[in-house]
Each structure stands twice: as structure tokens, then as C-alpha cells.
Amino acid sequence: MNRNIQLLWNGLIPENPIFRLALSLCPAVAVTTSVKNGVLLGAAVLFVQVASSCTVTLLKSFIHPRIRIPAYVIIIATWVSVIDMVLPVVSPAAYNEVKLFVALIVVFAIIISRLELFASKEPFVPSFFDGMGMGIGFLFGLTVTSAIREFFGAGKIWEHDILGFEPLLIMILPAGGFFVIGFIMATFNWLEYKITGKIPASGGGH
């Protein structure tokens, strides 16, 4: 498989930030009470991840190793500021639900870890696809989790009433978020064990 396609695939399934690496779980639980919130934050993280990876790979020759982490944080914060100004215009109501976590994207473990482990060492094109893969994987994780929680917790999908009642209110509470993510993680591990015959390694856990 082409390396760039492999990087996209790795971020989506084998190294999914939420379900396989267990990174940025707090915002994943907090914002996935509705599909709209999950998609909005996921799209914001996708943009910041790709833009930050491209910026770091272009500037890596000018960043001293001793100050690389503060430099990465400044680069991420710059792109977070951009998305923080765009989202209120695109969807003001949904932005009010996720604006706290948009500001916290600066310290999301998934973004800074990809800058340190990949973008600071690789050329531009692979870094772009790595950032794209991880961002799409995070967006996919938030969308799947929020769809399950909104349907079973509120009987809705994208705020459209499907069932006409709230079957399991606990699903839109924090405990329901951890339950759904844990169930999907277990499903991923079970599928990997069935396919490869090996017990999956543990994730990052941030």
C-alpha cells in the first residue's frame, strides 16, 4: 500500500486517537452528547492537526531542539486562534456548546504527540497525510461516539427526533460517554484479536 494512503488508514483505524491510542478522552466524553457537537470539535481538531503538522515540518530546521515543545505549543495556539474565530461564524449555537474545548485544543495530547513523533522528523507530504489521518480518525471517533450517545440517550440524530422519547438518559451523561467509548475500544480489540490472533497492546491513556 502507498505510504501516504497507509498513514491515512493508520489514523482512521489501526492507530485511531480515541479508540486505539486512548488520547484526548476527556473532550471526547464531554462534547459527544450530540452529533453536531462531535462533528464540530472533530473538524476543528482536523484543521489544527493538519495545519500544525505542515507548519512544524516546514519550520523544523529553524526550531532549536531545547525549545521545540514551547515552539509547538505556539504553533498550535496560532491555528487554534484561527479556528476559534471561524467557528462562531459557521455555527454560533454549536460553538457555544464546545467553545471551552476549542480553546483546550492547544494542549490536546494527540496533536502535540504527532508533532513530536512525526512532523518534526519527516518531510512535508508524509507529515500532511499523517496529520490528515490522525485528524480524520479523531473526527471519526467523535462522530461514532456522539451518534450512539445521542440516539440511545435522547432518541435523536443531529437534533432530529427519531424515537420520540429518551430511552436511556444515562447515555448522554458522562458515565454513558465512558461506557460507549469503552465498548467501542473493546470491539476494536476483539476484532484485532480475531484477525491477527494477538492480544492488542495498551494505548496511551491521556
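Valine 73 is in contact with Val106 and Ile112, its neighbours within four places in sequence being left aside; contact means heavy atoms within 4.5 Å. The model is a predicted one, in which local features need pLDDT of at least 70 and side-chain atom pairs count only at pLDDT 80 or more, while totals for chains, interfaces and linings use all residues. Residues are numbered from 1 along each chain as its sequence is written, and side-chain values use heavy atoms, with hydrogens and water left out.

Valine 73 belongs to helix H4 (residues 68-90); helices (H or I, at least four residues) and strands (E, at least two) are DSSP runs numbered from the N terminus. With a relative accessible area of 31%, valine 73 is partly exposed, a class that falls between buried (under 20% relative accessible area) and exposed (over 50%), for a 1.4 Å probe and protein chains only. Between valine 73 and valine 107, 34 residues apart in sequence, the C-alpha to C-alpha distance is 7.6 Å.

Serine 146 has a relative accessible area of 0% and is buried. Residues up to four places away in sequence not counted, serine 146 touches Thr32, Ser34, Val35 and Gly38. Its C-alpha atom is separated by 23 Å from that of valine 89, 57 residues apart from it along the chain. Serine 34, for its part, is placed in the loop between H2 and helix H3 (35-59), and counts as buried at 9% relative accessibility. Beyond its neighbours within four places in sequence, serine 34 is in contact with Ser146 and Glu150.

Which residues of helix H1 (residues 3-12) are buried? They are Asn4, Leu7, Asn10 and Gly11. Seen down the axis of H1, these buried residues fall within an arc of 115°, so they line one face of the helix; the arc is that of the directions from the helix axis to the C-beta atoms. An α-helix has 3.6 residues a turn, so residues three or four places apart point the same way. The buried residues of H1 pack against helix H6 (109-119) and helix H7 (124-154).

Backbone geometry comes next. Most residues other than glycine have a negative phi. Serine 24, although not a glycine, has a positive phi of about 55°. It is placed in the loop between H1 and helix H2 (25-30) and counts as buried at 5% relative accessibility. Glutamate 159, also not a glycine, has a positive phi of about 65°. Glutamate 159 lies in the loop between strand S1 (156-157) and strand S2 (160-161), and at 46% relative accessibility it counts as partly exposed.

The largest pocket holds about 180 Å³ of space. A pocket is an open set of points on a 1 Å grid over the protein atoms alone, where a 1.4 Å probe fits, with protein on both sides within 12 Å along at least five of seven lines; lining residues have an atom within 4 Å of a point. Here the lining consists of Trp9, Ile13, Pro14, Arg20, Phe188, Leu191, Glu192, Ile195 and Thr196. Helix H8 (residues 174-196) gives the most to this lining, with five residues.

Terms used. Grid points are joined across faces, edges and corners, and a volume is the space filled by probe spheres set on the points.
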